[in-house]
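Please go through the structure shown here with attention to its helix packing and to a few selected residues. The notes after it are grouped by topic.

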Amino acid sequence: MRLVRVAAPLAVAAAMAVGVGACSTVAPTPLPKATPSPTVSAGKAPAAQSCANAVRSYAPDGALPAPSAIAAASTMGKIRARGRLIAGVSADTRLLGSRNPLLGRIEGFDIDLIQQIADAILGPGAKVELRVITAADRLPVLEKKEVDVVVRNMTITCDRWKTIAFSAEYYRAGQKILIRKGSTITGLASLAGKQVCAPTGTSSLDNLVRLAPKAIPVPATTHTECLVNLQQGKVEAITGDDTVLAGLASQDPYAVVLSEKAITAEPYGVGIPAEQVDMVKFVNAVLENGRTSGEWTKSYNTWLAPELGKGTGQPAPSYGRPTP
């Protein structure tokens with residue numbers, strides 16, 4: 001049986017470890033500074049590179065090794081020595097990463113991917129410590145190496161490549177608009193003068209300011225806070241990824257996602273500390289394995305297909321990023 005540790009937001013001094021039928025408290029464990037694997041030399045972080053193609057990542061070094069064959073000096077070997085994977089996640093983004101109120105555990109499409117990464121490093125049923133973070137926390141926790149990975153519906157961008165690294169794209173979302181039924185808002189062009197909510201630290205908020213400069217942006221900590229603001233009449237719309245908005249709409253019968261074409265393309269990647277190129281390559285091998293084994297499709301059908309439909313399948317990877 002898997003043991004999943006669930007930590008509270010970083011502002012909380014202690015992390016809560018939640019298993020099945022048990023609860024205890026542990027202090028956050030600082031991560032050791034990564035040592036590159038023998039096949040990857042240390043060098044400058046991706047900040048020194050140009051970024052003509054944001055979704056281009058580092059190609060895997062062949063097929064996934066068995067957990068017991070992972071080099072002890074690699075980033076993955078250090079995770080094995082610790083005995084658990086530490087991941088930054090959302091706990092209130094339904095479909096992707098949210099707490100099940102009946103079971104008390106965090107679950108969703110992103111959480112399935114984290115478990116696949118953990119199992120590939122530690123073996124089936126691997127232990128995972130889930131640290132609940134906000135969108136604005138995603139880059140800082142990676143830069144400080146407080147987590148091994150961030151899997152929190154994070155869009156791959158050239159700007160983010162300056163301070164962290166990304167896996168290959170594992171899902172292609174698109175930014176849309178959510179409104180209350182009966183609203184006069186019909187699309188991006190009708191947001192002028194309207195109060196529109198999006199979380200701080202997201203590309204959704206950046207895109208709103210850039211593409212609808214006459215809208216009135218209302219930053220929030222999370223999309224859940226945006227939904228409360230909408231329900232209380234403090235804002236007239238919410239903008240975000242279609243995956244996130246679908247989860248919000250499923251919780252409120254008076255909320256609806258506009259059916260217009262997505263405003264932007266939002267490619268999701270696994271966030272990893274910048275210099276841990278060996279970990280990026282390993283995660284990309286996990287994604288390739290999920291493609292051939294059907295794990296990606298199984299997870300999509302479980303979490304996203306009921307709200308978003310059949311979809312277009314797992315994105316094809318783009319490799320060829322120069323090793324720093």
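This is a predicted model: local features need pLDDT of at least 70, side-chain atom pairs count only at pLDDT 80 or more; totals for chains, interfaces and linings use all residues.

Residues are numbered from 1 along each chain as its sequence is written, and side-chain values use heavy atoms, with hydrogens and water left out.

**Overall make-up**

- The protein chain has 10 helices and 19 strands, where helices (H or I, at least four residues) and strands (E, at least two) are DSSP runs numbered from the N terminus.
- Of the 324 residues in the protein chain, 51% are buried, a term that means under 20% relative accessible area, with exposed being over 50% and partly exposed in between (1.4 Å probe, protein chains only).
- Among contacts between residues at least 6 apart in sequence, 72% join residues at least 24 apart, contact being defined as heavy atoms within 4.5 Å.

**Helix pairs**

- Two packed helices are described by the angle between their axes and the distance between the axes; the axes are lines fitted to C-alpha atoms, for helices over the stretch in contact, and angles run from 0 to 180 degrees between N-to-C directions.
- Helix α2 (residues 109-122) packs with helix α9 (residues 295-303) at an angle of about 155°, their axes lying 9 Å apart, which makes α2 roughly antiparallel to α9; angles under 35 degrees count as roughly parallel, over 145 as roughly antiparallel, 65 to 115 as roughly perpendicular and the rest as oblique.
- On the α2 side the contact is made by Phe-109, Asp-112 and Gln-116, and on the α9 side by Glu-295, Trp-296, Ser-299, Tyr-300 and Trp-303.
- Helix α1 (residues 75-82) and helix α8 (residues 277-293) pack at about 85° with axes 8 Å apart, and α1 is therefore roughly perpendicular to α8.
- In this second pair, Thr-75, Met-76 and Ile-79 of α1 meet Asp-278, Met-279 and Phe-282 of α8.

**Helix α5**

- The buried residues in helix α5 (residues 203-211) are Ser-203, Ser-204, Leu-205, Asn-207 and Leu-208.
- These buried residues of α5 pack against α4 and against strands including β12, β13 (195-199) and β14 (216-220).

**Arg-160**

- Arg-160 lies in helix α4 (residues 158-161) and counts as buried because its relative accessibility is 9%.
- Leaving aside neighbours within four places in sequence, Arg-160 is in contact with residues including Arg-138, Leu-139, Phe-166 and Ser-203.
- Arg-160 and Ala-274 are 114 residues apart in sequence, and their C-alpha atoms are 10.0 Å apart in space.

**Glu-169**

- Glu-169 sits in the loop between β11 (164-166) and β12 (171-180), and at 7% relative accessibility Glu-169 counts as buried.
- The side chains of Glu-169 and Arg-172 are joined by a polar contact of 2.5 Å; a polar contact is a pair of N or O atoms within 3.5 Å, where within protein one must be able to donate a hydrogen and the other to accept it, and residues adjacent in sequence count only if both atoms are side-chain atoms.
- Not counting residues up to four places away in sequence, Glu-169 touches Val-55, Ile-156, Pro-267, Tyr-268 and Pro-315.

**Leu-230**

- Leu-230 belongs to helix α6 (residues 223-231) and, at 2% relative accessibility, counts as buried.
- The C-alpha atoms of Leu-230 and Ile-179 are separated by 8.0 Å, although the two residues are 51 residues apart along the chain.
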